[in-house]
Structure formats: structure tokens, C-alpha cells
Amino acid sequence: MQFMLLFSRQGKLRLQKWYVPLSDKEKKKITRELVQTVLARKPKMCSFLEWRDLKIVYKRYASLYFCCAIEDQDNELITLEIIHRYVELLDKYFGSVCELDIIFNFEKAYFILDEFLLGGEAQETSKKNVLKAIEQADLLQESEDEYLSVKIFK
Amino acid sequence: MPAPIRLRELIRTIRTARTQAEEREMIQKECAAIRSSFREEDNTYRCRNVAKLLYMHMLGYPAHFGQLECLKLIASQKFTDKRIGYLGAMLLLDERQDVHLLMTNCIKNDLNHSTQYVQGLALCTLGCMGSSEMCRDLAGEVEKLLKTSNSYLRKKAALCAVHVIRKVPELMEMFLPATKNLLSEKNHGVLHTSVVLLTEMCERSPDMLSHFRKLVPQLVRILKNLIMSGYSPEHDVSGISDPFLQVRILRLLRILGRSDDDSSEAMNDILAQVATNTETSKNVGNAILYETVLTIMDIKSESGLRVLAINILGRFLLNNDKNIRYVALTSLLKTVQTDHNAVQRHRSTIVDCLKDLDVSIKRRAMELSFALVNGNNIRGMMKELLYFLDSCDPEFKADCASGVFLAAEKYAPSKRWHIDTIMRVLTTAGSYVRDDSVPNLIQLITNSVEMHAYTVQRLYKALLDDISQQPLVQVSSWCIGEYGDLLVSGQCEEEEPIQDEVLDVLEGLLVSNLSTPVTRGYALTAIMKLSTRFSSVNRIKKVVSIYGSSIDVELQQRAVEYNALFKKYDHMRPALLERMPIMEKTATNGPTEIVQTNGETEPSVLDTKHPPPVTQPANQVRTLKQFWYLHSVLCCCSDPVSPWTFQLQLLSPSSNVVPALNQGTVTQVIRVLNPQKQQLRMRIKLTYTHKGSPVQDLAEVNNFPPQSWQ
């Protein structure tokens, strides 16, 4: 996977994970063009499209579009499963996740993604294990915060 | 100084902004506060501030002043700080900036941290955005972690190693020992990432590939266990056990089995098993089937297995899920060359996909349909494809038209069918055909001698209906010019037009706003040719003289030359305007076009100040005929008139057959008038057919001796 973007129906970016080195300017350009292209797709169209020399796999969950750019030799159908797995993880973590959760807790959304994918590939195929790791990391953070009695986020 | 506002508080506030300007104001205020907080080296709230900065960065605002702060966070002892610091590094830093190298030492320390979650952060960051320098420095640490018994770290180290290898391929060797017993792991995470690592290594190095071939039996066993094992709640997705791992194993098997008989044989059974037993009701099962099909088609599988694979694709084509149909068409396109007959069986389903609503599916169905056209199905297929051409979106028309022309050329059952098909394309998608179709069609028509009358009649009728589609108009004008005598002579099936009507139509093209300059050129030349076929010579003379003062320089030049033909060279006119000879399609010729000259001019055909030598009439005729032909052909290279630096005169080639086997040559003299003493450069484009396939050769001549142009 080269990158993953999450954006709303109005085209607002909610998460961007890049696995290839690009300048900020290039990222902005790609994001803008791709968001436009995906938002222009009609609901009956398939989840795949060719864009530049990449394959784009996207799926809409409620008000959010999950959009991945994969390489030629990657399997589009399993990428749909990857997207679905990520949504399931978010759902389990936040308890019936909605776009607002991701807006207000974007750093957590990143942490979860980073426990699921690394360098663009899945590092853990068990839902349970990903969630357990996040839980433990959160605990570690909380116990540290308590110890230092400084609430950074809440 | 009061504590900086909390992250969620900021998000809430920014979201209340009603306009872009309001939002920008809030952001600027907060950025200023964050900047001063950074200046004060506030350790307590650095984390909070960077988090806010990351939010604002996502909204599109600059955040580079936070880069160093991320580094400070990474270096902190607190886990909270590190978490945000590494996130910030991944979002704000990139390998183009030297600043990122400052991370290297921190990452090194964190890779050896006592807490696995910290080690995990470091591995993740390195594996996501590590530059080549960082990878070089830290590869040793990654390799160490690849050998740990802690599966949480081992799986991350494997993917980190993949990234290192991608950035610094020479380091691949160093990870080899650690791969020794990666596949004996029970942990699926480690297994999955190990397979990814092995795949990467095998793809990059043929030596690694041969080395890892011995793993095929083990991979087959693991895959078998996944399929045969009972329900495993931890890895189950809709009744399938760990589809992610299954797909990756199938992909690795593909690479190992490619071009190796033994490995291919060893995986035959398992592939057949997966292909027949996988549940197809959900996307996840189809994802595995898809990967299986790709593997079967790529390795040296036995024919029974290949047919099984194609049939799976055929079933995919009938699936309600358009994603599955899309994937099927893509795969069939890849296999249509090698397994042509098997794919032919699914032809009707593929043709049905031409009517699909989805653009990507339509495109693939079109490409596949063209690949499946052959002598047996040409009539039926062409009907469908022409229907598609009528109703498809503009973005398809050019490709579809080209495809139809190619297919028609290869498999036309009769000349009349061929010309009818071309006519159909020109009338329905005439504005979309490629520029080079016009000379190709002209050649085709010229060579179908018995169809001349029929063709010109049909083209004339088409012109009466519609003069907006330029390629159609160009071909039609050319034909009318050539075969106008047949048009008015009553050899056609329907009522023939009279000469004046025909001239009206051609003159109409000259004045119409819809005609491009190129088309006007065609029209004028056609009118001129009719001077030897029609009796209304005076009318033609008048038209030609009018255009002698046209603003369009190309048209003016032609008109002046034709005028000269009427006045000074009238004795040559009949011979010059004779029917074009049949253009042979052998391996040696096809139009030799001079596409561009230095200064990018269109070569002038006749320099009126230096008429061709009067000595050999036969030679002249051929010469000038070639001029006209070239003129018609070159008119398609549409670049408009630019400043004229050269004038060229092409003489006849010494022969029109180049002997085979290097037994001779053909020479053709080009006279160049170069008053401005510009450097000569020539580009030549040769198009010809070799054993039925079109070939195109481009060559440049840059080394004309200076004496030739100075």
C-alpha cells in the first residue's frame, strides 16, 4: 500500500497515512485530486479505479470514505478486507464508531492503524491481538499520566 | 502563563468557525501561542501543543515549526511524549530534510528499550518513513529484533526489514540468517509478516528465489492447515480462517512456482483444493479465489488446473458484485493471449459487460472484446462493438474506433463489409478517430478497386448529412476528388448527383466554419482533381483563382500552384491528376513520411519558381503524383503553418521495391531550398507491416555535413 486517506463527503481530510516519501506539496496535490475523483463516483460504480499508475480501492462507511492506493501486484479484493478490518477495529475501540470519534480522537485512530499496518502491510491478522496491544499501550500511557498527575488530552 | 488549551478543546473551537477566514484566524492565534510555548522550552505541555499542531496540519495549515519539537518528544522518557512525538515525525518529517537524521539515535535507543511498546513505536516509524541513511545505520538493530522470541516485536521487525530492503537492497543478505525458522512460528502475525518478507526477498533476487524454493512444501502445509482446520475465532472472517495469510502465501507460491516445474507440481494439489473448496458467497472468499487464479495462471500448472482457473473467472463475470466482475475482466485480459480458447468460451458474457454502467468495467470489456475478435466471430463481434461505439462515452470513442479499424483490417470477411464498417465508424464517431486513420483509410479505399463507385457514393451521401466530423469529411473529399467521375456517371445504385451539386458540396466545405484548414486543403485539391473528371472546368478555374488570395497560406499556396497548372502546365494536367495507383502494402513501403524538418515546416510541394525539369515526362508524372499523395498524407499531420524556413522538393525514389536480404537499396533525392542557411536536421518515420503486424520506425539524421547548409 502506498497511502491511505480518510475523508468526509465534503472532502475534508480526517486521516492521512503515507508509506512513500513525498513532499508536503505533492501530498496535498495528490489528496486534492484523488478526493475530487472519488467523490465524483456514482454509488453504483465499483470500488476500484485506475488513477495515474496506481490502483485505488475505496469504500464508503457512513459519512467517511476510506481510500487506499495499492500497487499493480496487490490484490484489490483483499484490500477491501483490510479496509473493513480497520473499520472493525475502530468500531470495537470506540464502541460504534462515527466520524466525530475520528475527528476528536484522530491520534488514537493513527495509533490503531499503526498497530494494524506497518509500512503498508498488515502486521497482525488477529483483531483481538491488535486491540489488546492498543489497550496495553493506553494503560501504559494512563498509568504514567496518573503518576505524573498531568492530564494532557482529556 | 496559563496552561495551553487542551486538544479536544481546540478541535471543538475550530469547528465552530463559520467561515474559512474565521478558522484561519483561530488557527493563527493558536499557532502563535504554541510558538511561544515552544520557545519557552516547556516540557510539560509540549506533547499537547504538538498534538494540536498535528490537528491543524491535517486541516492544511503549515506546521514545520513543530518538527524539532517532535524530536524532543521522541527523546523524552515519557511514553505519552514518545507516542505523539513519533506520530508527529511520521506526519511532519520526511527524508528530504536533514532534520530527520536527528531521529536516528533516538530510534536506536528506543529499539533497545525495556518496554516493548516503545520498541514497537520505533520499529513502526522506521518501517514507515526511514530514509536510506537511517536504514543503513539501524539495520543491525532490526536484524537483532527479527530473531527475538517476542512475537509482538518479531512481526514488526519483519516488516521493518522489508522497508530496509526496499530502501537499501544491498542489505538484503544480512537478513538471510534470521529467516531460517520464520515459518515455524505459530503466531499468525509473525507468519504473515514473514511471508511478506520472504516475498520481497524473492522478488528482488534470483539467488534468494532459488534458495527459498525449498520452502514450498512448508508453505503448502501451512495453507492446508488453514483450510482444513476448524473454526478459529481469532482469525475467522466469514467462515474463512485468516484470509490475509492465505492470500499472502498464495502470492509467495506464485513467485516460487513461476518458471519452475518441480515447485509448480508440488503446489498443484493445494491450488486445486483452494479453488474448489473456498466459499464464494462473500468478498473474502472471492479474494482468495482471485489470488489463486492469478497463481495458477502464472506458474507452470497443468492444463486442467488452468481451465479450472478460467472457469472461476467466468463465474466471477456473472457475479452480482461489480467489484468481482471488474477483477475478472482484468485477469482475463492478462490471460487472453496465453489461454485464448478458454477465454473465448466466455465471450458472450464479456460482450454483455459492454453494457455495464461502470466505466472501468466497460473499458476492460472493450479491451477484452477486441482481444477476442477473430476470423470466425468478426461479424457478430463487430455488430456489438459498433453498437457500443454508438452509445459509449466520448472517452472511449477514440480507442474503440482504432480497435474497430484494426480488427476490420485483420479479419474483414469482404471488402464491402470492410468499407461499410469504416463508414459506420466515420459517421458515428467521426470526430474521435485518430489522425493517422485518414491516410490508412485512403489507402484501403484506393486498393479496393472494385468498390470505388460504391464507396464514393456512400461517402458523398454521408457528407450531405453532416460536414462536422473532420476525418469523415477529409476522406470523403479525397474520394470525391478521385472518383467523382464514378459518382456522377450512374454506376451507383441510387440516383446520381449532377456535377454542379458535387461542386457545391465541395465549395461548401471550403467556406464552412466547421472545416479545419486541413480539411479545406483536401477540399481544394479534390475540386482541382475534378477538373479532369468533370466538364465544368471553368467553374473550377474560378474557384481556384479565388483562393489564390486566401489568407490561409496553405490554401493560397495550393491555389496558386493549381492556377499555374491551368495556365502554364495545362498539357501536364491530365497526367498529373490521373487516378492514384494502387499502394502496395509490402514489407518495404507504406508512406515514407517526412514528419518534421528543422524549423518544423510542412514541406512545400512545388516551388513555383523552380518547376521540375521538363526532360522526362514519365518521371515527372510519378514525381508529382507522389507529391500530391504526400501532400494529402502530410495534411494529416495537422500542425498549422509556421514560419517557412525551408522548401523541399522530393524526387521519385529510384525504385519502389527494396530487394530483400540486403541485396540492394532504394535512393530518393530531396532537394532543399534553404535561404536562411539554417542547420539541416531530418526526422524520418517509416510505417510498414511485417508479417502482418504494423511496425513503426523513427530515425533522425543530425550529422549533415556543414557544407550542405552553410
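How many salt bridges does a search of the whole structure find over all chains? The answer is 50. Please keep in mind while reading that this is a predicted model.

1. **Where the chains meet.** On the chain B side, 72 residues are in contact with 70 residues of chain A. Between them the two chains bury about 6,500 Å², and 56% of that area is on carbon and sulfur atoms.

2. **Polar links across the interface.** Between chain B and chain A there are ten salt bridges. The count of residue pairs in polar contact between these chains, both at pLDDT 80 or more, is 28. One salt bridge to look up joins the side chains of Arg166(B) and Glu121(A), at 3.9 Å from N to O. Both residues also belong to a network of salt bridges, in which they are linked with Glu200(B), Arg204(B) and Arg248(B).

3. **An aromatic pair between chains.** Next, take a look at Phe48(A) and Tyr326(B), a tilted aromatic pair with 5.4 Å from centre to centre and 50° between the planes. Phe48(A) belongs to strand E3 (residues 48-51) of chain A, while Tyr326(B) is in helix H17 (residues 322-335) of chain B. Are these two residues buried or exposed? Phe48(A) has a relative accessible area of 1%, so it counts as buried. Tyr326(B) is buried as well, with a relative accessible area of 2%.

4. **A stacked pair within chain A.** The total over all chains is eleven aromatic pairs. In one of these, Phe7(A) and Tyr65(A) have ring centres 5.5 Å apart and planes at 15°, so the pair is stacked; the cut-off for stacking is under 30 degrees. Phe7(A) comes from strand E1 (residues 3-8) and Tyr65(A) from strand E5 (residues 64-70), so this pair links parts of chain A that are 58 residues apart. Elsewhere in chain A, one aromatic cluster is formed by Tyr61(A), Phe66(A) and Tyr86(A).

5. **Charges over rings.** Two arginines of chain B deserve a visit. Arg83(B) has its charged end over the ring of Phe111(A), 4.1 Å from the ring centre. In the other case, the charged end of Arg35(B) sits over the ring of Phe65(B), at 4.0 Å from its centre.

6. **Buried salt bridges in chain B.** Glu69(B) and Arg46(B) meet through their side chains in a salt bridge of 2.9 Å, N to O. This pair links helix H4 (residues 67-75), which holds Glu69(B), with helix H3 (residues 46-58), which holds Arg46(B); the two residues are 23 apart. Both Glu69(B) and Arg46(B) are buried. Another salt bridge joins Glu482(B) and Lys529(B), with their closest N and O atoms 3.2 Å apart. Here helix H26 (residues 470-488) is linked with helix H28 (residues 517-529), across 47 residues. Glu482(B) and Lys529(B) are buried too.

7. **A partly exposed salt bridge.** Finally, find Arg258(B) and Asp298(B), a salt bridge whose closest N and O atoms are 2.9 Å apart. Arg258(B) lies in the loop between helix H13 (243-257) and helix H14 (261-277), and Asp298(B) in helix H15 (residues 283-298), so the pair ties together parts of chain B that are 40 residues apart in sequence. Arg258(B), at 36% relative accessibility, counts as partly exposed. Asp298(B), at 33%, is also partly exposed.

Methods:
Residues are numbered from 1 along each chain as its sequence is written. Chains are lettered from A and ligands numbered from 1 in the order in which they are written. Side-chain values use heavy atoms; hydrogens and water are left out. Rings of Phe, Tyr and Trp (its six-membered ring) pair if their centres lie within 6.5 Å; planes under 30 degrees apart count as stacked, over 60 as edge-to-face and the rest as tilted. Helices (H or I, at least four residues) and strands (E, at least two) are DSSP runs, numbered from the N terminus. Buried means under 20% relative accessible area, exposed over 50%, partly exposed in between (1.4 Å probe, protein chains only). A charge sits over a ring if NZ of Lys or CZ of Arg is within 6 Å of the ring centre and within 35 degrees of the ring normal. Contact means heavy atoms within 4.5 Å. Buried area is the accessible area (1.4 Å probe) that two parts lose on being put together, summed over both. A salt bridge is a side-chain nitrogen of Lys or Arg within 4 Å of a carboxyl oxygen of Asp or Glu. A polar contact is a pair of N or O atoms within 3.5 Å; within protein, one must be able to donate a hydrogen and the other to accept it, and residues adjacent in sequence count only if both atoms are side-chain atoms.
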